[in-house]
Amino acid sequence: MSYLRFEKAVMTNLEESLHRELLRTNRSGAYSSSTLVDCNTRKYHGLLVVPVPELDDENHVLLSSLDCTVVQHGAEFNLGLHKYQGNNYSPKGHKYIREFDASLVPTTIYRVGGVVLKKEAIFQAYEDRILIRYTLEDAHSATTLRFRPFLAFRSVRQFTHENSVASREYSAVDNGIKTCMYAGYPDLYMQFSKKNEFIFQPDWYRGIEYPKEQERGYASNEDLYVPGYFEMPIRKGESIVFAASTSAIKSSSLKSLFQKEIDLRLPRDNFYHCLVTAAHQFHNRQPNDDRYLLAGYPWFKCRARDTFIALPGLTLAIDEPDYFELVMKTAEKGLREYMKGKPLSVKIYEMDQPDVPLWAVWAIQQYTKYAGREKGFQMYGKLLTDIVKFIIDGKAPNLRLDDNGLLYANGRDKAITWMNSTANGRPVVPRSGYIVEFNALWYNALKFCASMAADRKDEKAVAELEQRAELCKKSFVETFVNEYGYLLDYVDGNMMDWSVRPNMIFAVALDYSPLSQQQMKSVVDICTRELLTPKGLRSLSPKSGGYNPMYVGPQTQRDYAYHQGTAWPWLGGFYMEACLKLYKRTRLSFIERQMVGYEDEIDYHAIGTISELFDGNPPFHGRGAMAFAMNVAEILRTLKLLEKYSYQK
């Protein structure tokens with residue numbers, strides 16, 4: 001049985017199929033996404049969604065969807081599905097679906113009377129081109145296929161509506177047409193592997209609605225332009241390949257290209273292989289050969305903190321150190337420009353967040369454990385030294401090293417940590433002053449750099465770094481450890497945040513901890529009792545004031561819930577690392593059971609990947625972005641840790 005297979009009962013029940021989403025990416029910023037039944041439920045969904053750098057820094061939906069109609073004996077059977085205003089679904093093509101399988105490439109089997117049609121879709125690697133192969137597996141009489149493209153030509157953050165400005169012009173190309181609705185956009189090429197007839201029949205399909213946007217409190221309907229339809233006969237056993245792209249292609253090459261792309265794919269036949277494929281979806285290569293990790297899909301860009309946190313899990317945990325080095329090369333360029341006060345030449349956002357250099361040190365530390373200390377120093381020794389000096393010399397904006405050895409950052413008016421939600425222009429969680437994970441990361445960085453200096457027998461550097469680490473350790477315990485056995489989240493003068501939050505777990509999980517063994521166990525115990533869920537750690541304990549675990553409703557309502565009780569799998573990764581660090585093999589079965597909670601998500605929300613966050617209360621529903629890099633990364637890193645501890649005696 002296939003790992004990601006869905007039977008007719010699931011596919012024809014919209015309550016079961018509409019919340020399950022699909023994502024295909026090309027590793028260059030473009031993607032294709034919809035639901036299992038090809039009914040778009042988000043404004044971000046589309047068959048061909050591409051960046052258009054000439055216009056802005058957003059992705060744009062060119063081709064929203066493609067309806068396929070089977071024609072036999074003059075009768076038409078439309079396999080498409082759209083939601084219109086008033087909760088109306090048309091033309092209800094999902095009722096013809098007999099099976100869906102996503103183990104290699106997303107494959108849908110339709111049955112219309114005696115006709116059995118197979119549809120397979122794949123996104124070409126590094127090209128802005130979606131490929132769909134239709135194979136007529138069975139038919140008892142002459143069959144014709146008709147294809148009707150729905151065009152949007154708009155940003156993923158906007159909607160399109162019927163207007164007189166949209167161009168209706170098109171030109172014939174090799175077995176297809178090219179068209180462009182608005183100036184500034186690239187041409188959209190729609191081509192087939194077989195000769196066909198295009199019937200120009202322009203019309204607007206009005207009132208198409210996106211329920212996910214309704215749930216989020218946004219505008220939710222638009223009109224889509226259909227220029228006409230393509231029509232061609234198909235014989236039993238014959239395959240026809242459709243391509244939509246921003247560039248022309250030789251139509252005779254489409255069939256071989258489709259097979260070539262399939263041969264490159266890793267079968268998603270188990271949990272691990274699903275995560276490896278998901279990890280590759282975050283890859284992003286730009287024309288100048290810079291390499292990035294996108295923070296998530298469908299709306300995230302490359303963010304600095306997310307990059308350094310996700311990088312080890314998305315590369316080293318799946319034995320791909322080369323891609324770690326490629327991404328780090330680009331990130332180091334941006335980090336050095338930031339430290340020198342220069343404008344960034346790389347497309348990495350939020351490089352100015354004060355903890356970003358600290359997470360960069362952590363990422364390098366993971367590389368050093370993987371590749372060896374000599375290789376780690378060779379690759380990144382100078383960067384480590386420069387980052388620590390940058391902080392010690394007081395050159396890091398909004399990161400002050402105080403006499404007590406702790407780092408101070410002002411976050412009262414602007415969100416400066418990963419808990420970055422804002423409402424009415426102000427942080428929902430105004431974490432400021434001595435922030436617990438900042439200082440845990442700083443202590444870890446000092447100790448790690450001291451150990452690297454010891455390898456080089458640089459006694460002066462070792463002495464200075466160890467002295468600073470010892471002072472930081474003493475002040476950390478005095479500042480954050482409270483009489484209840486957990487750590488304060490932040491301390492700013494007389495202001496102490498007593499909320500039970502997951503940020504204290506870093507003080508245990510990192511290789512070097514300022515806490516004693518007993519203090520570490522106490523932190524883990526409280527995280528287990530109050531924060532642990534099957535989907536990771538809650539961002540706030542149910543016993544703390546302001547607990548708001550359900551990430552639902554309009555934007556403001558969701559902003560207030562974002563870090564007030566929702567569960568995050570990436571935090572669960574550090575929690576499980578802390579458990580293994582403290583309890584070793586005795587916690588293996590416990591962590592293996594915890595991983596089941598993540599595997600359950602593989603076929604429930606976004607197929608084969610992990611959502612951004614989850615409700616903090618049962619049934620722990622997945623919310624937010626359909627795919628989130630840090631979550632996939634930390635689950636992969638946990639699997640690697642499980643493997644490591646399983647072999648230890």
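**Core packing and salt bridges in the predicted model**

Excluding neighbours within four places in sequence, Leu314 is in contact (heavy atoms within 4.5 Å) with Ala279, Phe282, Leu293, Glu320, Ala629, Val632, Ala633 and Leu636. The structure is a predicted model, in which local features need pLDDT of at least 70 and side-chain atom pairs count only at pLDDT 80 or more, while totals for chains, interfaces and linings use all residues. Residues are numbered from 1 along each chain as its sequence is written, and side-chain values use heavy atoms, with hydrogens and water left out.

A nonpolar core is defined as a set of buried Ala, Val, Leu, Ile, Met, Phe, Trp, Tyr and Cys residues joined through side-chain atoms within 4.5 Å. Buried denotes under 20% relative accessible area, exposed over 50%, and partly exposed the range in between (1.4 Å probe, protein chains only). The largest nonpolar core holds 216 residues, and Leu314, Trp442 and Trp570 touch the most other members. Helix 10 (residues 436-455) supplies the largest share of this core, 12 residues. A second, separate core has 10 residues, among them Val105, Val241, Ile249 and Leu257. Helices (H or I, at least four residues) and strands (E, at least two) are DSSP runs numbered from the N terminus.

Across the whole structure, 47 salt bridges were found, the criterion being a side-chain nitrogen of Lys or Arg within 4 Å of a carboxyl oxygen of Asp or Glu. One of them joins the side chains of Arg154 and Glu222 at 2.9 Å, N to O. This pair connects distant parts of the chain, with Arg154 in strand 13 (residues 143-155) and Glu222 in strand 18 (residues 221-234), 68 residues apart. Arg154 is buried, at a relative accessible area of 3%, and Glu222 is buried at 0%.

Lys194 and Glu238 form a salt bridge through their side chains at 3.1 Å, N to O. Here too, distant parts of the chain are linked: Lys194 lies in the loop between strand 16 (188-192) and strand 17 (197-209), and Glu238 in the loop between strand 18 and strand 19 (239-245), 44 residues apart. Both Lys194 and Glu238 are buried.

A further salt bridge, between the side chains of Arg468 and Glu464, has an N to O distance of 3.3 Å. Arg468 and Glu464 are about one helical turn apart because they are separated by four residues in helix 11 (residues 459-480). Arg468 is partly exposed at 29% relative accessibility, and Glu464 is partly exposed at 37%.
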